[in-house]
Amino acid sequence: MQSSQTAGETAGLLTALRREAAGRGLDLVGVVDAAAYDRAAPSGHRIGEVWPGTGVAVVIGSAGPLYWSRFRVARPGTLPPKGQGDPLDDFTIESVAPLRAMLRAAGYAEQTLYPFFGADHALSFRALGSAAGFGAMSVLGLVIHPAFGPWIAARAAILTDAPLEVTRPLDSFDPCRDCPAPCIAVCPGGAFPEGRWAAEPCLAAKRAQEVCRSSCLSRIHCVYGEEYQYGPEEMAYYSTYP
Ligand code: B12
Ligand code: SF4
Ligand code: SF4
């Protein structure tokens, strides 16, 4: 690491990272202090357990359907069935590579993790997204952004020793307070057994019901971010699990 870098230089680096990410359809970039995150995280899910040299995690995400349209321009045509390669994951690795290269070129170390299904690490991208200021956790089990609602996705976390300025989480945003919770009423899978989303019934519904294999009615009915909903192709792509 270059210890001689000034605060102004690292601020410039963060601005450059944000600009590069936005140019690739990755509009959400937040910086999480690893030590503070790890104090709140349960054992087995801490950043320092993945890479002890981490100072911050640069969490990268997409908002609304823009990233998917970039992906389809880069990879047109029929997509392979789930379980037979994942061109979106490959596209994400390519999209994040220039950001990693920028950190390395500035003299910093980095290690990058992805939220891909079956990825070999125990970091929660929901918790990372909340800590990075993308939004707040909801009864729906998703991080909700004040404008984009639940129509955001985590794409990568670059763990690095670069001393980047940390982003504030949206502590005062509480999306579900005073909401009549249409997300719970419309769920055909009984995925809210105790008034909050639970993984097991949701997964069972995705195995048993076509509507949950091709979308998520609860997400569609969230009162936030309606105008940023994904189109049917993108919705079905994320909803189907191998
Ligand atoms: C496996 C998986 C599923 C499984 C459920 C497994 C489960 N137990 O949750 C199934 C197939 C059911 C599923 C469904 C969906 N999923 Co999913 N899923 C994942 C995946 C790949 C792993 C989840 C996981 O098990 N993580 C590991 C555990 C440790 O993380 P966690 O459960 O979030 O951790 C909790 C606690 O352990 C603890 N914790 C852990 N670490 C820390 C750290 C701190 C500091 C704190 C305080 C707490 C804490 O708090 C966390 C939050 O409650 C993630 C991507 C990822 N890698 O995170 C996407 C992810 C969570 N899914 C996502 C989505 C969008 C969906 C669907 C809507 C997809 C769809 N179209 O149908 C549905 C419906 C979900 C819903 N209504 O909530 C998004 C959420 C985006 C968002 N806006 O929040 C993610 C982040 C993927 C992404 N790339 O963005 N999913
Ligand atoms: S995928 Fe189906 S079961 Fe799971 S939360 Fe959405 S609507 Fe409910
Ligand atoms: S519909 Fe209301 S209760 Fe459900 S996740 Fe959205 S804000 Fe929260």
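Two residues are in contact if their C-beta atoms, placed from the backbone, lie within 7 Å. This is a predicted model, where local features need pLDDT of at least 70, side-chain atom pairs count only at pLDDT 80 or more, and totals for chains, interfaces and linings use all residues. Residues are numbered from 1 along each chain as its sequence is written, while chains are lettered from A and ligands numbered from 1 in the order in which they are written.

**View 1. Val59 and its contacts.** Leaving out residues up to four places away in sequence, Val59 touches Gly30, Val32, Leu128, Gly129, Ala132, Ala154 and Ala157.

**View 2. The largest nonpolar core.** Here we meet a set of buried Ala, Val, Leu, Ile, Met, Phe, Trp, Tyr and Cys residues joined through C-beta atoms within 7 Å; buried means that 20 or more other C-beta atoms lie within 10 Å of a residue's own. Among its 55 residues, Val32, Ala57, Val58, Val59, Ile60, Leu128 and Ala157 touch the most other members. Strand β6 (residues 152-160) gives the largest share, seven residues; strands are DSSP runs of E, at least two residues, and helices are runs of H or I, at least four, numbered from the N terminus.

View 3. Of the 34 residues around ligand 1 (C-beta atom, placed from the backbone, within 6 Å of it), Ala41, Ser124, Phe125, Ala127 and Gly141 come nearest. The largest share of this shell, five residues, comes from α6. Domain 1 (7-160) and domain 2 (182-239) both contribute residues, so ligand 1 lies between them; the domain bounds come from an automatic or database domain assignment.

Methods:
A residue is buried if 20 or more other C-beta atoms lie within 10 Å of its own, exposed if 12 or fewer, and partly exposed in between; C-beta atoms are placed from the backbone.
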